[in-house]
Amino acid sequence: MTEARITLPRRAAQIRDPSEGDWRTLAGTYTAEVARSFADRRLTVPVAVDG
C-alpha cells in the first residue's frame, strides 16, 4: 500500500463574490479524485471544508 498526502489550496473551495469584491469560501463536502484519466478514476475521497 502506498500513502500520499496532498495539500489542496483553499482557493479550490472558493468563488469570486462580485458584491464583496473578494473570494468567498463555500463550506461543505467536496470530492477529490485521483485518476489516470477522466474515465479511469482510481480513488475518490470526501474532503470537508469549513466556511
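**Notebook: salt bridges, pocket and surface patch**

I began with Glu33, which is partly exposed at a relative accessible area of 47%, where buried means under 20%, exposed over 50% and partly exposed in between, with a 1.4 Å probe and protein chains only. I note that this is a predicted model, in which local features need pLDDT of at least 70 and side-chain atom pairs count only at pLDDT 80 or more, while totals for chains, interfaces and linings use all residues. Residues are numbered from 1 along each chain as its sequence is written, and side-chain values use heavy atoms, with hydrogens and water left out.

**Salt bridges**

I took a salt bridge to be a side-chain nitrogen of Lys or Arg within 4 Å of a carboxyl oxygen of Asp or Glu, and the count by this rule is 3. Glu33 pairs with Arg41 at 3.0 Å, N to O, and Arg41 is partly exposed at 41% relative accessibility. I then looked at Asp40 and Arg42, whose side chains also form a salt bridge, at 3.0 Å from N to O; Asp40 is partly exposed at 27%, whereas Arg42 is exposed at 53%. For Arg24 and Asp17, the closest N and O atoms of the salt bridge are 3.4 Å apart. Here Arg24 is partly exposed, with a relative accessible area of 37%, but Asp17 is buried, at 12%.

**Largest pocket**

Next I looked up the largest pocket, which holds about 560 Å³ of space. A pocket is here an open set of points on a 1 Å grid over the protein atoms alone, where a 1.4 Å probe fits, with protein on both sides within 12 Å along at least five of seven lines, and lining residues have an atom within 4 Å of a point. I find 20 residues in the lining, with Ile6, Leu8, Ala32, Val45 and Val47 lying nearest the centre of the pocket. The lining divides into 14 nonpolar, 2 polar and 4 charged residues. Strands E3 and E4 (41-49) each supply at least two residues of this lining, strands being DSSP runs of at least two residues, numbered from the N terminus.

**Nonpolar patch**

Last, I noted a nonpolar surface patch of about 220 Å², made by Val34, Leu43 and Val45. Such a patch joins nonpolar side chains within 5 Å, from residues with over 30% relative accessible area and no salt bridge. Val34 is found in strand E3 (residues 28-35) and is partly exposed, with a relative accessible area of 41%.

Conventions
Patch = residues over 30% accessible without salt bridge, like charges linked within 9 Å, V, L, I, M, F, W, Y side chains within 5 Å. Areas by Shrake-Rupley, 256 points an atom, 1.4 Å probe, with all protein chains shown as cover. Helix = DSSP H or I, 4+ residues; strand = E, 2+ residues; numbered from the N terminus. Points joined across faces, edges and corners; volume = space filled by probe spheres on them. Nonpolar A, V, L, I, M, F, W, Y, C, P; charged D, E, K, R; others polar.
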